[in-house]
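Here are my notes on this model, as promised. Have it open in your viewer as you read.

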Amino acid sequence: MEYLDLVDENGLPAGGIVSRSEAHEKGLPHRTAHVWVVREEEGHFQVLLQKRSMEKDSFPGMYDTSSAGHIPAGSEVMDSALRELREELGIEASPAQLSFAGTFRVRFEKEFHGKIFRDNEFANVFVYREPVDISLLTLQKSEVEEVRWFDLEDVWRETRVSRERFCVPTPGLELLRDYLSRRPENG
């Protein structure tokens, strides 16, 4: 069973620990780490998105952030970001290869597989801009069905009018777009 630190209104551990399932049953605040894998092609930013496994307890079969996951109780944010990147995509990165882009809040309640899923998380966002050949990735099949490159602006436009294909959080896309507009070069 996976356990998470409960966090305060600033996203900092508040001393309590809760199971992942209880956090989502009750909508308790916890932390996650999101990593956006980004490349620049012909002057446009592209993002690597993962298609979530149909077995996922939220948004099965939809395209989401490159790599993301809960931060286990007692764990550090950077360590969790690196672990998720390695586990879900097979990318072995170092802390120097991840740039911190910021934090945003996710809050929603929605039904999946006949059960209410309540999310109340502080997402810590990192950007990875090293070259990635998706044919060489090792996907965690229980989490990720496939990966694909998408034009960042196309994803942004589509998510503003339809949520049929993408479940990437809008605040996460906004944060990424802002980060990339400030730091167009690698690093």
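This is a predicted model: local features need pLDDT of at least 70, side-chain atom pairs count only at pLDDT 80 or more; totals for chains, interfaces and linings use all residues.

1. Residue numbers start from 1 along each chain, following the sequence as written.

2. Start with the largest pocket, which holds about 740 Å³ of space. Its lining takes in 37 residues, and those nearest the centre are Arg52, Ser58, Asp64, Ala68 and Glu121. Several elements give two or more residues to this lining: α1 (20–26), β3 (30–41), β4 (44–52), β6 (67–70), α2 (77–89), β7 (98–112), β8 (115–128) and α4 (170–182).

3. What sort of residues line the largest pocket? By class, the lining has 16 charged residues, along with 11 nonpolar and 10 polar ones.

4. The second largest pocket has about 160 Å³ of space. Around it you'll find Arg20, Ser21, His24, Glu25, Asp57, Phe112, His113, Lys115, Ile116 and Phe117. Both α1 and β8 supply at least two residues here, and the largest share, 4 residues, comes from α1. Sorted by class, this lining has 4 charged, 3 polar and 3 nonpolar residues.

5. Which residues of helix α3 are buried? In α3 (residues 152–161) they are Leu152, Val155, Trp156 and Thr159. Looking down the axis of α3, you'd see these buried residues fall within an arc of 100 degrees, so they line one face of the helix. As for partners, the buried residues of α3 pack against β4, β9 (144–151) and α4.

6. Have a look at the start of α3 too. There, a side-chain oxygen of Asp151 comes to within 3.0 Å of the backbone nitrogen of Glu153.

7. Gln50 sits in strand β4. Is Gln50 buried or exposed? Its relative accessibility is 4%, and buried means under 20%, so Gln50 counts as buried. The Gln50 side chain reaches the backbone oxygen of Ser66 at 3.0 Å. Setting aside residues up to four places away in sequence, Gln50 touches Met62, Tyr63, Asp64, Thr65, Ser66, Ser67, Ala68, Glu88, Glu143, Val144, Glu146 and Val147. Asp64 and Ala68 have already come up, among the residues nearest the centre of the largest pocket.

8. Next, Phe122, which belongs to strand β8. With 8% relative accessibility, Phe122 counts as buried. Thr103 is 19 residues away from Phe122 in sequence, yet their C-alpha atoms are 6.6 Å apart in space. Neighbours within four places aside, the contacts of Phe122 include Val7, Asp8, Glu9, Asn10 and Gly11, as well as Pro29, His30 and Arg31. Thr103, Phe104 and Arg105 are also among the contacts of Phe122.

9. Finally, Thr32, one of the residues in contact with Phe122. Thr32 is found in strand β3 and, at 3% relative accessibility, counts as buried. Which residues does Thr32 contact, leaving aside its neighbours within four places in sequence? They are Gly69, His70, Ile71, Glu121, Phe122, Ala123 and Asn124.

Methods
Side-chain values use heavy atoms; hydrogens and water are left out. On a 1 Å grid over the protein atoms alone, a cavity is a set of points where a 1.4 Å probe fits but cannot get out, and a pocket is an open set with protein on both sides within 12 Å along at least five of seven lines; lining residues have an atom within 4 Å of a point. Grid points are joined across faces, edges and corners, and a volume is the space filled by probe spheres set on the points. Ala, Val, Leu, Ile, Met, Phe, Trp, Tyr, Cys and Pro count as nonpolar, Asp, Glu, Lys and Arg as charged, and the others, Gly among them, as polar. Buried means under 20% relative accessible area, exposed over 50%, partly exposed in between (1.4 Å probe, protein chains only). Contact means heavy atoms within 4.5 Å. The arc is that of the directions from the helix axis to the C-beta atoms. A polar contact is a pair of N or O atoms within 3.5 Å; within protein, one must be able to donate a hydrogen and the other to accept it, and residues adjacent in sequence count only if both atoms are side-chain atoms.
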